[in-house]
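Please look at the structure before reading on.

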Amino acid sequence: MKLYNTMTKRKEEFIPLHEGEVRMYSCGPTVYDYFHIGNARPFIIFDVFRRYMEYKGYKVTFVQNFTDIDDKMIQRANEEEITVKELADRFIEEYFKDADGLYIRRADYHPKATEHIDDMIAFIQKLIEKGLAYQAGNDVYFDTNAFKDYGKLSGQSLEDLEIGARIEIGKAKRNPMDFALWKGQKPGEPAWDSPWGPGRPGWHIECSVMANKYLGETIDIHSGGQDLIFPHHENEIAQSEGANEKPFARYWLHNGYINIDNRKMSKSLGNFFTIRDISAEFDLEVVRLFMLSSHYRNPINFSRELLEQAEAALERLYNARDNLEYLISNAEDKAPSDEEREFLEKLPEFTADFERAMEDDINTADALGVIFELVREINTSADKGLSANAHQASLETLNKLTGLLGLLNKQKGKLDEEIEALIQEREKARAEKNWALADKIRDDLKKEGIILEDTPQGVRWKRV
């Protein structure tokens with residue numbers, strides 16, 4: 001499998017540090033609000049990557065953190081007159097509701113920053129002892145001049161990064177690019193005791209500490225959005241490699257930006273959408289398919305029209321699955337024909353093509369293309385009188401490939417049973433030549449978005 005490594009700026013063969021294992025850290029949300037459509041992209045993409053690596057037989061340990069102490073969190077908690085913890089607990093719960101709606105699997109570990117304060121203090125002390133950090137009042141800063149490789153992920157020198165940087169007012173930083181490891185307490189802020197006085201950790205230190213704690217000093221993969229390359233991931237590297245004197249992550253994966261109607265997403269432009277906003281109009285499985293329809297490193301444009309196209313595409317996949325299930329239950333038992341044998345021999349090619357796409361830097365767009373080629377083949381073969389075994393093989397292939405992308409999660413429920421009952425009632429009416437009742441049932445179902453199709457194999461139905 002080849003992955004594009006942001007560190008080396010090229011595709012590289014993936015070779016895990018420990019054979020058969022993948023240790024992966026992906027940056028999670030700051031839980032002061034519902035997460036937005038831009039956050040959803042890395043959550044979905046790297047969920048698919050995890051699924052695929054497990055499919056290939058790897059034991060994957062996946063960590064995604066929650067930032068539950070932060071300037072924005074303090075500000076919002078003060079506005080709502082609640083504690084930061086109450087705010088965090090609320091939006092962690094809301095995160096899982098939306099993530100579940102997107103069919104994002106839970107990480108093996110979801111560590112919270114506030115539960116690892118002691119670990120962070122010990123890590124900061126280690127950096128100070130190594131001459132990589134210094135105390136300024138009640139604050140502690142990382143000394144970027146003391147880490148010779150600073151800037152290697154973003155591909156910029158320290159001198160280039162310093163251009164336009166400003167020293168924060170009231171901060172005794174040695175260098176404009178130095179960043180806070182520990183922030184001394186300000187009036188009204190939550191704080192923890194430390195050797196440098198009461199305060200709280202900086203943003204960057206939490207990921208270094210939690211990756212180290214749950215995955216080890218060197219991990220296989222670190223992932224996140226493109227916006228995290230600098231400064232967040234750059235600073236993680238400086239902290240982790242400075243403290244441990246070992247490579248932090250072997251592969252760095254970053255997804256591209258999302259534009260809204262071809263414009264950068266921004267609250268000031270009024271085109272900022274949370275996943276909760278979108279769920280009011282679209283099933284979130286539609287959003288998942290949409291996110292997978294473009295290569296993860298490319299920018300992607302988000303619009304209502306494109307979501308509607310994704311909705312239609314998802315419906316096509318469900319219809320293919322439902323038709324196969326119908327054919328399996330209604331097909332005749334018979335010996336396979338030459339045409340059927342040829343069809344069955346072709347099915348494994350779809351799996352092979354899907355795997356080739358996924359192993360070329362997680363190309364979900366091409367992988368989806370393979371699935372829709374499979375659907376075309378399934379639809380073409382539907383009226384050829386194949387046996388139930390052939391349709392079952394098609395269904396198993398479709399379910400396997402869509403499952404690897406986290407699609408086709410919904411099963412037939414009570415509403416589907418009611419539809420089947422109405423279809424049976426309509427068939428009985430037709431057999432009794434009660435055409436008025438048969439037509440009424442068909443028209444009533446149509447009003448609810450259910451289309452009936454009379455075929456030689458019986459009645460099929462689909463939603464429109």
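## The largest pocket

Helix H1 gives five residues to the lining of the largest pocket, the largest share. Helices (H or I, at least four residues) and strands (E, at least two) are DSSP runs numbered from the N terminus. The space in this pocket is about 1,100 Å³, a volume being the space filled by probe spheres set on grid points joined across faces, edges and corners. Its lining has 37 residues, and His36, Asn39, Lys72, Asp227 and Leu228 are the closest to the centre. Two or more lining residues come from each of H1 (37-55), H2 (71-80), H6 (203-215), S9 (219-225) and S11 (258-260).

On a 1 Å grid over the protein atoms alone, a pocket is an open set of points where a 1.4 Å probe fits, with protein on both sides within 12 Å along at least five of seven lines; lining residues have an atom within 4 Å of a point.

## Basis of the model

The model is predicted: local features need pLDDT of at least 70, side-chain atom pairs count only at pLDDT 80 or more, and totals for chains, interfaces and linings use all residues. Residues are numbered from 1 along each chain as its sequence is written, and side-chain values use heavy atoms, leaving out hydrogens and water.

## The whole protein

The protein has 15 helices and 15 strands. Its C-alpha atoms fill a box of roughly 90 × 50 × 35 Å along the principal axes. Of the 464 residues, 50% are buried (under 20% relative accessible area, 1.4 Å probe, protein chains only).
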